[in-house]
Structure formats: C-alpha cells, structure tokens
There are 2 protein chains.
Amino acid sequence: METLKNRILAEGQAIGQEIIRVDSFLNHQIDAEFMYEIGEEFKKRFAGEEINKILTIEASGIAIAVCAAKFFGYPPVVFAKKDASGILTPGFYSSEAKSFTKGVVSTVKIAEKFLSSIDRILIIDDFLARGEAAFALCSLAEQAGAAVVGIGAVIEKGFQGGGDRLRKRGYRVESLAVIEKITGGKIIFKN
Amino acid sequence: METLKNRILAEGQAIGQEIIRVDSFLNHQIDAEFMYEIGEEFKKRFAGEEINKILTIEASGIAIAVCAAKFFGYPPVVFAKKDASGILTPGFYSSEAKSFTKGVVSTVKIAEKFLSSIDRILIIDDFLARGEAAFALCSLAEQAGAAVVGIGAVIEKGFQGGGDRLRKRGYRVESLAVIEKITGGKIIFKN
C-alpha cells in the first residue's frame, strides 16, 4: 500500500535495527481517516472471503479493526485483553504472548461467549513482528473451534520472521507494508 | 439516547449496586456500526463547537473516539496510555487516575508532542463513574495549555458523582445515558 509506505517513510522513526515508531498516526495519535483507507485495503485483500468476526488485541489494534469493520459489513469486532497478572479467568480462553517491544509476557484472553465454532475470523493488528500476538489470537480462535480465514497486519517487520512462520503454518497473512530491514536509521521495504 | 438505553437494558449486566457490564457491544465485543451512531450523537451534542482534537484513553475509548472522529471532520485522535509502573517518562505529560472497576491506580500519559496550546479538545470515554479518568485527561490537556471544550461519555453512572464534580468545575459534560441507580439487578436511568 503505497500511501502507507510513504507515510512510514515521512513520519516513522527507526530506533536501532528493530523498532519502528509510528505513533503520529497509528500507535498513540491516530489518523482516523487514514485508518478507513487501511480498512478498505484489508477488504480488497480479503475480497470474496466469508468473514463473520474481526479479532484484534488492545490497544492499537482496536482503531484499525473498527474502521475495517465498516468495509466487511459490520461483523462484531472482539478485542483480546492483555493481562499481566497471569491469573486464569473462568469463562475466558487464554493464550500467552510476549511483546517484542515491551519484553513482557502477557496472558491474552477473550471471553468464551464471544467466540464460537461457526466463526470465520479475520485477525487484524497494527504490527506483525515475531508473530507472538497473532499466534495467540489464532490459538484463542481455534480453542473455540473457529476458523481463522486470515491475518491482516498494517506493518510487518519481515526480518523478525513472524509473518513467515504464520504462512508456513498455513495461515493467509496480508501485510500492507513489509519492512525488509532497518539500516543506518533508514527503513527499507520489501518489494 | 434511546437506542443506547434500550441496548443497555437488553444486554447490560448489573453486578451488585455499582457495576454495569456492557461487554457485548462496548467493552470487549464492539458493535462498530453502533459506535458510529454514538459518534454521530456526540457530534449533535457538540454541534457548533470548534474542536480540533479528540482525546481518549485506552482501551475501550479508542473505538468510540475513532468513530466519532468521522463526524467531526477527522481531527487527530490521541489516546492516553495507562502505565501501572508509575515511572515518569521524559517527553510525556502524566497524571494519576484510579480505576473504579479495577481498583488500580495508573499513571495516564500522553506524549507532549501530541498536545499543544492551540488545541481545542473533546474528551471521549466509554464510562464516567467517579471521573478519575476524565479529570486525568483534563489535567493532561491543561498541562499543555489546551482548552477542554467538553467531555462526552457513553454511560455516566450518575450515582458515583464524577459527572457532577466535573460540571461543578465548569466542564461541559454530555453523557448519552445517565444511570441513576442499580437496584435489585435493575438499571434505572435518570430522566
């Protein structure tokens, strides 16, 4: 998605060789109008797929998922909650995920009543790095017997391998911008 | 907002005398189409006001703020982050807020670069209970010299007094449903 790549180049901050900060439009300040363009692009990528639920994870994923919902005919959006306490909650599906940027292991959970075996799920998130959050969301969906139709990431950090690991496991992954590497403060996209 | 009140009565769960759970459309599963109706209603309530930024707080506030942005001509949406560590971060405005439902004190923070003295801010959140989060967001805006034009809450728990405390301090508060009390598992709205 060219507009996204241009935006990342113009506003993104490369920190070291592994972190990109895009908090002027995606992770802290949100450009809602641009989120709709992103949502529409996800619809194009997954056109023709039957999707009846969008799954995401708090916090930044929520804006993207809600904007995407508009283009998918408003299926319910469910956001997984992160719980650092590690305590299992009755009535919730749980899975573990380590945040690459924060270095923290969280329990990711969704109330059982919001997932079911008839669900055909699109997972949406802002970043795809090592794939920890995406694998956790897949696990939650599959614990409920739901089908994961695909995974849509706004920015994939290709060099961290999560996208490829998900693809190898048979998941369909659509990333709107794939970063090949960060070198000398410069962001290089994969063609 | 009648559709909201009906939805709260149909789907809300009263827990004890003080907690209402509306996680089927607002706090865990999100009805994105309904979030747009809510956003449009906020625009009606604040029609004629000059607003150039929408402020909210993670996580549930994000969906509402992004949907509301559409009706305000897409001003930037900034969501405050909660940090349980209590560590002050350079370059951030900080304020403290206690979550009524979770009983936890968080540091609420926004990067200084996303607030400025020319901002005319609408604060949006899902619940208004004791007003801790709203006061914290007002404080962040005011630390930057910005003007708080108003506060829009989806559900105000009137019996917890936060809305009235904010009004007494001179803030304009618009709540789309005000709950007077919860008694015997029944939710009673204020007229």
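A polar contact is a pair of N or O atoms within 3.5 Å; within protein, one must be able to donate a hydrogen and the other to accept it, and residues adjacent in sequence count only if both atoms are side-chain atoms. By that criterion, the backbone nitrogen of Ala111(A) lies 3.0 Å from a polar atom of the His28(B) side chain. This is a predicted model, in which local features need pLDDT of at least 70 and side-chain atom pairs count only at pLDDT 80 or more, whereas totals for chains, interfaces and linings use all residues. Residues are numbered from 1 along each chain as its sequence is written, chains are lettered from A and ligands numbered from 1 in the order in which they are written, and side-chain values use heavy atoms, with hydrogens and water left out.

**Relation of the two chains**

- His28(B) is found in the loop between strand S2 (19–21) and strand S3 (29–30) of chain B (helices, H or I of at least four residues, and strands, E of at least two, are DSSP runs numbered from the N terminus).
- His28(B) counts as buried because its relative accessibility is 1% (buried means under 20% relative accessible area, exposed over 50%, partly exposed in between, with a 1.4 Å probe and protein chains only).
- The backbone oxygen of Phe79(A) lies 2.9 Å from a polar atom of the His28(B) side chain.
- Not counting residues up to four places away in sequence, the residues that His28(B) touches include Phe79(A), Phe92(A), Ala111(A), Phe114(A) and Asp23(B).

- Strand S10 (residues 173–183) of chain B runs antiparallel to S11(B), and four bridges join them (two strands pair if DSSP finds at least two bridges between them).
- Lys186(B) in S11(B) is the bridge partner of Thr183(B).
- Two residues lie between the strands of this hairpin, where Gly184(B) takes a positive phi near 55°.
- In a regular strand the side chains alternate between the two faces of the sheet.
- In strand S11 (residues 186–189) of chain B, Ile187(B) and Phe189(B) form the covered face, while Lys186(B) and Ile188(B) form the uncovered one.

**Backbone features**
- A cis peptide bond, with omega about 0°, joins Glu58(A) and Ala59(A); Ala59(A) is found in the loop between strand S4 (53–57) and helix H3 (60–71) of chain A.
- In chain B, Glu58(B) and Ala59(B) are likewise joined by a cis peptide bond with omega about 0°.
- Tyr74(A) is not a glycine, yet has a positive phi of about 55°; Tyr74(A) lies in the loop between H3 and strand S5 (77–83) of chain A.
- Tyr74(A) counts as partly exposed because its relative accessibility is 24%.

**Overall form of chain A**
- Chain A has five helices and 11 strands.
- The radius of gyration of chain A is 16 Å, close to the 16 Å that the globule rule gives for 191 residues, so chain A is as compact as a globular protein of that length (the radius is taken over C-alpha atoms, and the rule is 2.2 Å times the number of residues to the power 0.38).
- The C-alpha trace of chain A spans about 45 × 35 × 30 Å along its principal axes.
- Of the 191 residues in chain A, 55% are buried.

Key:
Contact means heavy atoms within 4.5 Å.
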